[in-house]
Structures are given as structure tokens and as C-alpha cells.
Amino acid sequence: MRKVVLYTLMSLDGDVDDPAGYFSPEPRPGQPPLFDAEMEEYETRSVNTQDAVLLGRHMYDEWSGFWPKVHDQPFAEFINNVKKYVVTSTPLTAHWHNAEAVSGPIDDIVRDLKGRDGGDIGVHGSIELAQSLLEHGLVDELQLIVGPSFGFTGRRLFARVNDVRRPELVNAAATSRGSLLLTYRMD
């Protein structure tokens, strides 16, 4: 059966709103984060197992205006071509290749997608959606890239989780620039 893989970039103190700031020595507003070779390899391994992505509406609106214009970023090739299911209650206004609006209770959406043939279902960005998936116990695997920085004041990935969970650590590695690559299996 397919699994839902939540892939998130975060700061050491758990901020998820400024990915470019966690991995770059200087601010890069509106730009993707700078990855070292180990981070790129981790991301590549992750997306190579995915043939579908769940996106929240805000992330879709932002990314549909950004990623189709990017051609020199490894993630761009993946996200521009993968099947994208956008969780929204309104029609999509921006066109992006292979995107489809889905609506209804999140449990039903995930159950339907997991029941289909295919690879993993990725969740990239889309923090409100990610928080909802975690809150409802719908994430099968958690992949975190933790940047070696703190002091950010944005949203926290686990802010809406109200019960204690103890995921199983599957893999942990440090990169040459001090980031952490963490993979957890959720119960």
C-alpha cells in the first residue's frame, strides 16, 4: 500500500516558515534554500519514491507561480511533472501541469489516494495541510531536514498535535554543513 511521506524543511527550533533562511548564510527572500550535496541526495531519494503530491491551496497558489519558471533546480523537475492533488474547496485558478483539486474530509482524501496503485504520496511545504495530516494521524513517514539555525518566529510543524507520539527513528545523518537529515516511521 502507498504511504504518505511528509517532507519538511525546518530550523533547529522548529520554525517551518523560512526555509531559505535555515540553510543559507545570508537572507534569500523568495528563493529556494541552498542545499549541500547530502541534502540534495536525501531529497532525490525521497522524491524518487513519489508519484503523487498532496498540496494545500496556499502552497499551490504560491508554487504554481514559481516552480514552472525554474529550470536549474533539482526539485523543479519533480514538482513540475508529478501528479499534484490540491486540497481545496474552491476551483483552481492558476494552471499548473498535472494538478487536480480535491475536496472533502482529509481522512477520505488520503484513504482514496492510498487505495490507488502507485508510489508514495509526498507532502512538501503546505504547513497547514501537514499539521492537519499529523493531527489526524495520517502521516506514515516523516522526513525532516533540520537547518543549523534558530531564532525564527514562524509556525511550528507540530503546533496542532495534542497527544504524545513516539515515532520510530529509521535514519539520522548530519551533512557537511551541519544540517540534520531525519527519517521517522509513524505508528
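How many bridges join strand β7 to strand β8, and do the two run parallel or antiparallel? I looked up this pair and found that six bridges join β7 (residues 168–174) to β8 (residues 180–185), and that the strands run antiparallel; strands count as paired if DSSP finds at least two bridges between them.

I noted that this is a predicted model, in which local features need pLDDT of at least 70, side-chain atom pairs count only at pLDDT 80 or more, and totals for chains, interfaces and linings use all residues. Residues are numbered from 1 along each chain as its sequence is written, and side-chain values use heavy atoms, with hydrogens and water left out.

Along the sequence I read the pattern β-α-α-β-α-α-β-β-α-β-α-β-β-β.

For the overall dimensions, I found that the C-alpha trace spans about 40 × 40 × 30 Å along its principal axes. I also looked up burial (buried meaning under 20% relative accessible area, with a 1.4 Å probe and protein chains only), and buried residues make up 47% of the 187 residues.

Last, I checked contacts (heavy atoms within 4.5 Å): of those with a separation of 6 or more, 72% are between residues 24 or more positions apart.

Notes: Helix = DSSP H or I, 4+ residues; strand = E, 2+ residues; numbered from the N terminus. Buried < 20%, exposed > 50% of the residue type's maximum accessible area, 1.4 Å probe, protein only.
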